[in-house]
Amino acid sequence: MASSSSFLLLAVLLALVSWQATASDPSPLQDFCVADMNSPVRVNGFVCKNPMEVNADDFFKAAALDKPRVTNKVGSNVTLINVMQIPGLNTLGISIARIDYAPLGQNPPHTHPRATEILTVLEGTLYVGFVTSNQPAQNRNKFLTKVLNKGDVFVFPVGLIHFQFNPNPHKPAVAIAALSSQNPGAITIANAVFGSDPQISDDVLAKAFQVEKNTIDWLQAQFWENNHN
């Protein structure tokens with residue numbers, strides 16, 4: 001019986017250690033570690049500012065997230081508040097974004113390599129969804145989608161391709177997203193594939209997408225605008 005209990009305890013401890021090892025951001029070992037943006041030392045994240053020099057402004061930003069933003073040609077604007085705007089977020093594993101959608105606007109398919117996202121609709125309606133990975137043990141590339149109304153909440157798991165689209169041709173929409181990293185990152189699929197610098201070989205992309213090279217050349221000639229601010 002004692003042996004069984006010891007094994008169970010060991011399994012729980014290993015699970016906890018494994019969970020910490022795979023978390024997007026490391027857990028803090030102190031009350032805070034305000035990012036020292038001026039330090040020449042390079043680490044995974046930012047070096048801590050001297051705690052004796054920390055003040056309330058290190059945890060504050062007058063972000064005006066209650067104010068609407070001008071959208072771009074894809075019809076959206078993402079205003080991200082991460083560690084670059086609030087140094088006090090360093091090591092805390094969280095950031096926030098306001099997303100504005102024009103009528104028929106979208107936050108195009110993208111992924112956050114370091115964060116899970118939880119989205120809340122503040123105004124309007126959004127058609128949202130994500131695609132699962134191609135792991136053999138799961139439903140390969142399964143598309144999970146939902147129409148969200150004001151007050152609804154939806155989760156996009158870390159690393160998976162997802163999007164939001166405002167289906168209303170007359171009214172804008174607004175959402176707030178919380179992300180589980182101080183620096184979640186964003187890879188917009190079309191921008192990364194067709195707007196990389198230098199460009200990916202059109203031979204590679206034509207083979208990958210099973211289209212003619214002139215189609216790839218046309219796509220690469222477009223201006224792939226970034227909607228993240």
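Five salt bridges are found in the structure, a salt bridge being a side-chain nitrogen of Lys or Arg within 4 Å of a carboxyl oxygen of Asp or Glu. In general terms, side chains of opposite charge can pair when their charged atoms come close. The model is a predicted one, in which local features need pLDDT of at least 70 and side-chain atom pairs count only at pLDDT 80 or more, while totals for chains, interfaces and linings use all residues. Residues are numbered from 1 along each chain as its sequence is written, and side-chain values rest on heavy atoms, with hydrogens and water left out.

Asp66 is exposed because its relative accessibility is 57%, and Lys67, at 45%, is partly exposed.

A salt bridge also joins Lys213 to Asp203, with 3.0 Å from N to O. This pair links distant parts of the chain, for Lys213 belongs to helix α4 (residues 213–220) and Asp203 to helix α3 (residues 202–209), ten residues apart. Helices (H or I, at least four residues) and strands (E, at least two) are DSSP runs, numbered from the N terminus. Lys213 has a relative accessible area of 38% and is therefore partly exposed; Asp203, at 45%, is partly exposed as well.

The salt bridge between Arg98 and Asp100 spans 2.8 Å from N to O. Arg98 has a relative accessibility of 6%, so it counts as buried, and Asp100 is likewise buried, at 4%. The picture widens with strand β2 (residues 95–101), which is largely enclosed by the rest of the structure because six of its seven residues are buried.

Strand β2 takes its place in an open sheet of five strands, ordered β1-β2-β9-β4-β7 with antiparallel pairing; two strands pair if DSSP finds at least two bridges between them. At the edges of this sheet stand β1 and β7 (153–156), each pairing on one side only. From one strand to the next the twist averages 20 degrees, with axes taken as lines fitted to C-alpha atoms, for helices over the stretch in contact, and angles running from 0 to 180 degrees between N-to-C directions.

Within this sheet, strand β1 (residues 76–81) is joined to β2 by six antiparallel bridges, and Leu80 has Ala97 of β2 as its bridge partner. Toward strand β9 (residues 173–179), β2 makes seven bridges, again antiparallel; here Ala97 faces Ala177 of β9. Strand β9 is also bridged to strand β4 (residues 117–123), through six bridges in the antiparallel sense, with Thr120 partnered by Ile176 of β9. As a general point, side chains in a regular strand alternate between the two faces of the sheet.

Another open sheet is built from five strands in the order β6-β5-β8-β3-β10, with antiparallel pairing. Its edge strands, β6 (143–148) and β10 (187–188), each pair on one side only. Strand β3 (residues 106–111) meets β10 over two antiparallel bridges, and His110 stands across from Thr188 in β10.

Note on methods. Buried < 20%, exposed > 50% of the residue type's maximum accessible area, 1.4 Å probe, protein only.
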